[in-house]
Amino acid sequence: MKDNFYEEQVKRHGYWWSGDYSSWDEASLECFGYDELNIVTQVKDTLLMVKDDQNRYERDGCVIYGEPEYAFELLKWIKESSVDGVINLIDFGGSLGTTYHQLKKYLSEYTIIWNVVEQDGFVSVGREFIEDDVIKFYNTIDECLTHTTPNCFISSSALPYIENYSDILNEVYSHSFDWVLLDRISVVSGHNNVLSIQVVPPEVYKAIYPCWFFSESTLIDNVVSSGYEYLVGFDALGGRNFAPKIPTSAYRGFIFKKNKL
């Protein structure tokens, strides 16, 4: 049934991003997939296959051959967030530790406490197969904070896939993290968000998600008005115009530091 639905949506929309929906509910009628167990299993199997391999890496559950495209700008600010040689962060929506496994070789001089906050399926699999003395998995930010005190919040490509993303940002502000590092955030110019759907090609896995393209200026203003200094923005992996059907689309990163009274 889902295969038929998927094929119909491919015929209607093609692959990747399209549309400008009026509500999450409207977009969701055209979607399925992110909490599917087979996707979690695929990401797990792929990551376990490549996590100690210098010539292959995992992205979105696929094996990618060759040198990874490293998020060096994000890496720079993760290092900047360290206190006395310790990096303690929350990686919100961090899958099974994709960012950690790609960047860890550049962080060998630090003591690392890498806390992934994810959906139940990823947390369960992460705790069973991935977790060790460095990387831990939690269902919520609050659960993480009962075990450790991270001073840095990072999120890469996760917030656009959350219906009430502003609730997450408000929770982040309430905890007053010293650093907020947002990477690979899908944005558009102008003052209005665009709500699209993303049809994932079958060579990755069959799924269709609602996906926000945030107004870049409005997102920055929101964080700044909540007590943070905007330090820098940068083109993230994937670059500009990566979604041709969404005018002015871009993957951007944004670095914020808490204002001190």
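This is a predicted model: local features need pLDDT of at least 70, side-chain atom pairs count only at pLDDT 80 or more; totals for chains, interfaces and linings use all residues.
**Entry on G94**

With the cut-off in hand, I looked up G94 and found a relative accessibility of 8%, so G94 counts as buried. I then traced where G94 sits, which is the loop that runs between strand β4 (86-92) and helix α5 (98-103). Leaving aside residues up to four places away in sequence, I noted that G94 touches V116, V117 and E118. I also checked N115, which is 21 residues from G94 in sequence, while the two C-alpha atoms are 8.8 Å apart in space.

**Entry on confidence**

I looked up the pLDDT next and found an average of 89 for the protein, with 87% of the residues scoring at least 70.

**Entry on aromatic rings**

How many aromatic pairs does a search of the whole structure find? I noted 19 aromatic pairs. In one of them, the ring centres of Y6 and F32 are 6.5 Å apart and the planes stand at 80°, so I wrote this pair down as edge-to-face.

I then turned to F242 and Y251, whose rings are stacked, with 3.8 Å from centre to centre and 5° between the planes. Both of these residues, F242 and Y251, are buried. They belong to one aromatic cluster that is formed by W16, W17, F213, F242 and Y251. Over the face of Y251 I also found R184, at 4.3 Å from the ring centre.

**Entry on S215**

Is S215 buried or exposed? Its relative accessible area is 1%, so S215 is buried. I located S215 in strand β10, which covers residues 207-215. A polar atom of the S215 side chain lies 2.6 Å from the backbone oxygen of G190. Again leaving out residues up to four places away in sequence, I listed what S215 touches, namely V188, G190, H191, N192 and N193.

Definitions and conventions. Residues are numbered from 1 along each chain as its sequence is written. Side-chain values use heavy atoms; hydrogens and water are left out. pLDDT is the predictor's confidence in each residue, from 0 to 100. Helices (H or I, at least four residues) and strands (E, at least two) are DSSP runs, numbered from the N terminus. Buried means under 20% relative accessible area, exposed over 50%, partly exposed in between (1.4 Å probe, protein chains only). Contact means heavy atoms within 4.5 Å. Rings of Phe, Tyr and Trp (its six-membered ring) pair if their centres lie within 6.5 Å; planes under 30 degrees apart count as stacked, over 60 as edge-to-face and the rest as tilted. A charge sits over a ring if NZ of Lys or CZ of Arg is within 6 Å of the ring centre and within 35 degrees of the ring normal. A polar contact is a pair of N or O atoms within 3.5 Å; within protein, one must be able to donate a hydrogen and the other to accept it, and residues adjacent in sequence count only if both atoms are side-chain atoms.
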